[in-house]
Amino acid sequence: MEIDVFTLFPAAFAWFEGQRHVSNAVAHGHRLGYVNYREHSPLGGGQVDDTPFGGGAGMVLRVDVVEAALRARYDRDPVALRAERRIVALVPSGRLLDDALVDELIQEPALTLLSGRYEGFDERVLEHFVSDRVSIGRYVLAGGELPAMVLCDAVLRKLPGALGHEASALEESFSATLERAPEYPHYTRPAEYRGWSVPDVLLSGHHAQIKQWRLAQSRARAAED
Ligand SMILES: C[S@@+](CC[C@H](N)C(=O)[O-])C[C@H]1O[C@@H](n2cnc3c(N)ncnc32)[C@H](O)[C@@H]1O
């Protein structure tokens, strides 16, 4: 998969790129690239934002700046581009990111992520250039960099080659394998600690019973939610 992140702060991704599953994914041929809106601004002095019409606090990311950055990367009219690839804007009010959406996104050969800053995007960016609006939760962060990293992390770790054990990403909280329920509890040594013991079934060696117990635990956790 090829992921392009549009951002004013590409340097923010240095730590993320150093994470093992991310570097593994890149080593397996997946690609993470960055486009800095500021470097493609058609305005003087690298201006990217402007005051909101109608007044109010904060600055708004300009539509002409976002278009220039998209054109610089893809050499296409962004209005046509969104029919060809998923152009995802990170916005607090978007579709909530969940495992089902991640499963949908990993089918794509390429993703474009638009990170906002300040008061966010001029609405015409969202109306005309974007195919998806995605939120990582109903709260507001200062910028779209962390949300973009969250989305990339969730997507990349499901791609072949990212994790040491492919199965790790298959049977996890909210996965289809676990009927979209939370994951069952895990335990490791010591089997007894301060009088807290591990459930007998996990020490039994009966794989069918363990599987059954785990699924029952997941279902019980889903029922609690
Ligand atoms: C300060 S926020 C803008 C918030 C906007 N004025 C509002 O009230 O919805 C700046 C940028 O951070 C990103 N952002 C902040 N919180 C987010 C969230 N929960 N999910 C996705 N993106 C978020 C978006 O890219 C947004 O354009």
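Biologist: Into which domains is the chain divided?
Modeller: The bounds come from an automatic or database domain assignment, and the model itself is predicted, so that local features need pLDDT of at least 70, side-chain atom pairs count only at pLDDT 80 or more, and totals for chains, interfaces and linings use all residues. Residues are numbered from 1 along each chain as its sequence is written. Taken over C-alpha atoms, the centres of the two parts are separated by 37 Å, and the parts are domain 1 (2-156) and domain 2 (171-224).

Biologist: In what order do the strands of the open sheet of 5 strands lie?
Modeller: Strands are DSSP runs (E, at least two residues; helices are H or I, at least four), numbered from the N terminus, and two of them pair if DSSP finds at least two bridges between them. The edge strands, each pairing on one side only, are β2 (31-36) and β7 (132-135). With parallel pairing, the order is β2-β1-β6-β5-β7.

Biologist: Which residue in β7 does Ala89 stand opposite?
Modeller: Strands β5 and β7 run parallel and are joined by 5 bridges. Opposite Ala89 stands a residue of β7, Arg133.

Biologist: Which strand gives the largest share of the shell around the ligand?
Modeller: A residue counts as near if its C-beta atom, placed from the backbone, lies within 6 Å of the molecule. Of the 20 residues around the ligand, those that come nearest are Leu90, Gly116, Gly120, Gly144 and Pro147. The largest share, 4 residues, comes from residues 86-96, strand β5.
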